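Hi everyone, thanks for making time for this. I'd like to walk you through a structure that may be new to you, so please have a look at the screen.

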Amino acid sequence: MGKSTDLARAKARRLKGMIKESDGIALDDERMKAEGRKEQAEARREEIRARAARTASHG
């Protein structure tokens, strides 16, 4: 898959995690909040990998 697509997908996943965490806060659901934070952390790692791959291919 393209580097830009990987980055966009990671950003979308991070947003999904933010929404899940926000829903958990609104619903007072600790599990949902934790899942949202976990998804955000995983997505941040994906973003870093995608940026590194993108930089390496342009360098």
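**A short tour of the model**

Let's start on the outside: Leu 15, Met 18 and Ile 19 make up a nonpolar surface patch, and together they have about 270 Å² of accessible area. Please keep in mind that this is a predicted model. Ile 19 belongs to helix H1, which covers residues 3-27. With a relative accessibility of 45%, Ile 19 is classed as partly exposed.

Now follow the chain out of H1. Asp 28 sits in the loop between H1 and helix H2, and H2 covers 30-58. Is Asp 28 buried or exposed? Asp 28 is exposed, because its relative accessible area is 61%, and the cut-off for exposed is over 50%. There is something else to notice here: Asp 28 is not a glycine, yet its phi is positive, at about 55°. For context, most residues other than glycine have a negative phi.

Next, how are the two helices arranged? The axes of H1 and H2 come within 7 Å, crossing at roughly 165°. Angles over 145 degrees count as roughly antiparallel, so that is the label for H1 and H2. Their crossing is left-handed.

Let's move on to the charged side chains. In general, side chains of opposite charge can pair when their charged atoms come close. How many salt bridges does the structure hold? The count is 12. I'll pick out a few.

One of them joins Glu 39 to Arg 13, at 3.9 Å from N to O. Glu 39 is in helix H2 and Arg 13 is in helix H1, so this pair ties together parts that are 26 residues apart in sequence. Glu 39 counts as buried, at 9% relative accessibility, while Arg 13 is partly exposed at 26%.

Another is between Glu 35 and Lys 20, whose closest N and O atoms are 3.8 Å apart. Here too the pair links distant parts of the chain, with Glu 35 in helix H2 and Lys 20 in helix H1, 15 residues apart. Glu 35 is partly exposed at 31%, and Lys 20 is partly exposed at 24%.

Then there is Glu 42 with Lys 38, a salt bridge at 4.0 Å from N to O. These two are 4 residues apart in helix H2, so about one helical turn separates them.

Salt bridges that share partners join a set of residues into one network, including Arg 13, Lys 20, Glu 35, Lys 38, Glu 39 and Glu 42.

Notes
Residues numbered from 1 in each chain as written. Predicted model: local features only at pLDDT ≥ 70, side-chain atom pairs only at ≥ 80, totals over all residues. Heavy atoms only, no water. Patch = residues over 30% accessible without salt bridge, like charges linked within 9 Å, V, L, I, M, F, W, Y side chains within 5 Å. Areas by Shrake-Rupley, 256 points an atom, 1.4 Å probe, with all protein chains shown as cover. Salt bridge = Lys/Arg side-chain N within 4 Å of Asp/Glu carboxyl O. Buried < 20%, exposed > 50% of the residue type's maximum accessible area, 1.4 Å probe, protein only. Axes fitted to C-alpha atoms, helices over the stretch in contact; angles between N-to-C directions. Parallel < 35°, antiparallel > 145°, perpendicular 65-115°, else oblique. Left-handed = near helix turned anticlockwise from the far one by under 90°.
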